[in-house]
Amino acid sequence: MKITNLAEPLVATDQTNPRPQTSANLLKRFWSVWLRHDGVSLALATFLMAIVAAASATYPWLFGQVIDALAQLSGGAAPLKAQVFGRLTPATIAILGPLAIIAATLIKGLALYASTLLTNQVALSATTKIQQDLFAKLLSLDFSRLNSEPSGAFAARFLNDINAVREAVLRAANSFVRDCLTLVGVIVVMILGDWQLALVCLIILPLAIGPVSMIGARLRKTSAQAQQQAADLAGVVEESMGGIRLVKSYGLEGFEAMRVGRALTTRMKLLLKMAEQKGRVDPILEVLGGLAIAGVFAFAGLRIAQGAASVGTLTAFIASLLLAAQSVRSLGGLNSVIQEGLSALARFFTVLDEVPSIRDREPTMHLPKGPGRIEFEQVTFAWPDGSNGLDNVSFTAEPGQTLALVGPSGAGKSTILNLVPRLFDPTSGYVRVDGFDTRLVSLASLRHTIALVSQEATLFDATIAQNVAMGMPKASPEAVRAALDAAACDFVDRLDGGMLAQVGPRGSRLSGGERQRVALARAILRNCPILLLDEPTSALDAESETRVQEALERFASTRTTIVVAHRLSTVRRADLILVLNHGKIVERGNHECLMALGGLYKELAALQFQTRST
Ligand SMILES: Nc1ncnc2c1ncn2[C@@H]1O[C@H](COP(=O)(O)OP(=O)(O)OP(=O)(O)O)[C@@H](O)[C@H]1O
């Protein structure tokens with residue numbers, strides 16, 4: 001099936017979510033996506049927190065009762081006015097009071113333990129789900145997008161930012177409900193005790209809200225900067241460590257230490273700024289708390305002199321105020337933690353809302369199994385900065401054919417390879433596999449037909465067998481063995497553990513040539529009709545190269561192969577050679593006819609292939 005006319009434009013554009021990232025929107029979304037499922041646990045935790053708050057709020061009241069009872073027993077105090085224990089004798093109150101205090105602390109302790117367990121479970125389950133969703137999203141993003149940031153930056157976002165969210169959820173779940181309820185409970189107790197004294201304290205409370213929320217808004221901005229900077233720092237460290245071979249051999253340790261040192265200093269400054277912003281909250285609340293206590297003492301003196309309040313009432317009041325101050329301070333600190341969490345959430349949502357331009361179109365068509373014919377028709381590709389990658393490239397690679405791409409550095413050879421599995425989409429023109437426009441078939445089915453072996457073999461920290469069978473869990477050990485044999489991996493038998501030997505991080509326990517052959521075995525096992533090779537033999541010695549070339553030849557004879565070639569031996573074997581320059585095909589043909597043409601190919605053959613024609 002050949003599709004040439006399409007109603008909608010094929011180059012999809014990135015869309016960003018128009019929803020503004022206000023606190024309310026972020027929280028609403030967080031709740032509906034990741035928290036709602038744990039609503040029952042959260043409701044239970046809230047109920048337990050209410051018990052904790054009620055138990056806390058009863059302390060000052062109990063203190064007041066017991067102190068007044070003790071004062072009466074000593075005969076020094078006026079009878080109490082409004083006592084719930086009023087019908088009991090002071091002696092009974094003096095005995096029951098301490099027991100009630102023990103009961104209240106027991107209830108509070110048990111409720112606190114159960115609610116802490118529940119909230120931790122909810123917070124950890126929500127943040128784990130965020131990480132899973134974020135990683136799945138990262139994997140689906142465009143190749144070009146992922147290449148534009150160091151992978152360390154993604155890792156930092158993935159691992160560091162989540163801590164801010166986890167901390168915010170935990171603190172919010174553990175202390176927000178508890179502190180708010182305690183505050184409400186304490187205020188109720190204060191009003192019931194002496195509403196006029198309560199009024200003196202309550203006037204102070206709103207004074208705290210303004211400065212605390214202003215500091216929170218500033219902190220959120222700084223926190224966003226700090227999170228971005230943590231990602232940058234991780235990127236720099238990852239670059240340094242990833243290129244450690246070069247760093248050491250070029251003696252760049254000092255330079256790299258300076259680069260990381262600069263990023264660390266910037267980080268320190270941002271963290272200091274955050275600490276300074278957070279540090280303002282406590283002193284403000286401390287001063288306001290002092291104002292409230294001073295107000296209570298001044299006013300209480302008057303009330304006691306008038307006989308309208310007892311010493312017990314005053315003690316209960318002061319205890320209430322201290323409890324309230326503790327809750328207000330905790331809520332003030334919580335605001336900072338929540339702002340940091342919201343800023344991390346905003347960054348997560350920004351990534352989650354990214355729409356990759358390379359994605360399945362609806363309805364998705366499955367690419368049927370075919371011989372693997374590849375066709376480029378007037379393919380033009382422009383980079384995001386507008387520069388030209390490919391210009392009107394047309395060719396066909398027939399099944400069983402090997403097509404070699406040659407040309408000077410930067411001519412566009414790898415870009416052609418990347419267009420086949422849709423790592424990029426053409427700006428105009430068509431890339432077809434077995435007659436199907438690659439943009440109309442599902443990415444999974446398209447990529448299932450393609451095996452790619454690049455110059456830098458990518459191995460994971462697993463066994464050789466696992467690396468070969470990557471993505472094919474059902475592959476039998478015999479099939480893996482056969483693929484290793486076909487890729488001339490005889491070195492495997494010399495390894496301790498054979499096929500089950502660990503290759504180390506990025507395959508570091510193997511040589512470049514060995515890594516390359518394992519990657520080739522992986523491609524052979526996949527048994528795909530299309531083979532894309534980015535000069536995979538360039539890292540091999542002469543003997544291994546001959547053996548891998550033979551293996552490749554056997555394997556390629558029944559497949560469509562496109563190879564980016566730097567060696568004459570590779571090019572000579574190709575059925576068709578495309579010579580690229582500045583993104584254009586400038587010559588095409590086989591080796592003999594291109595040599596006879598006496599153009600760029602001949603020049604390249606003399607300059608580039610001569611020294612490598614082993
Ligand atoms: N993200 C990008 N933005 C702009 N230009 C880019 C980008 N990535 C690559 N290029 C440019 O595209 C051109 C083609 O790159 P490509 O990797 O296809 O060349 P190549 O022929 O495979 O080169 P080599 O043989 O050196 O690997 C190069 O000039 C490169 O600088």
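A residue is counted here as near a molecule or strand if its C-beta atom, placed from the backbone, lies within 6 Å of it. By that criterion the ligand is surrounded by Trp-383, Asp-385, Ser-387, Gly-389, Gly-407, Ser-409, Gly-410, Ala-411, Gly-412, Lys-413, Ser-414 and Thr-415. This is a predicted model, in which local features need pLDDT of at least 70 and side-chain atom pairs count only at pLDDT 80 or more, while totals for chains, interfaces and linings use all residues. Residues are numbered from 1 along each chain as its sequence is written.

The largest share of the ligand shell, three residues, is contributed by helix α11 (residues 413–419); helices (H or I, at least four residues) and strands (E, at least two) are DSSP runs, numbered from the N terminus.

The protein contains 19 helices and ten strands. Its radius of gyration, taken over C-alpha atoms, is 36 Å, well over the 25 Å that the globule rule (2.2 Å times the number of residues to the power 0.38) gives for 614 residues, so the protein is more spread out than a compact globule. Along its principal axes the C-alpha trace spans about 120 × 55 × 50 Å.

The unreviewed UniProt entry annotates residues 40–63, 84–107, 195–217 and 283–302 as "transmembrane region", although such annotations may be inferred rather than shown by experiment.

| Residues | Helix | Strand | Distance between end C-alpha atoms |
|---|---|---|---|
| Residues 40–63 | 100% helix | 0% strand | 35 Å |
| Residues 283–302 | 100% helix | 0% strand | 29 Å |
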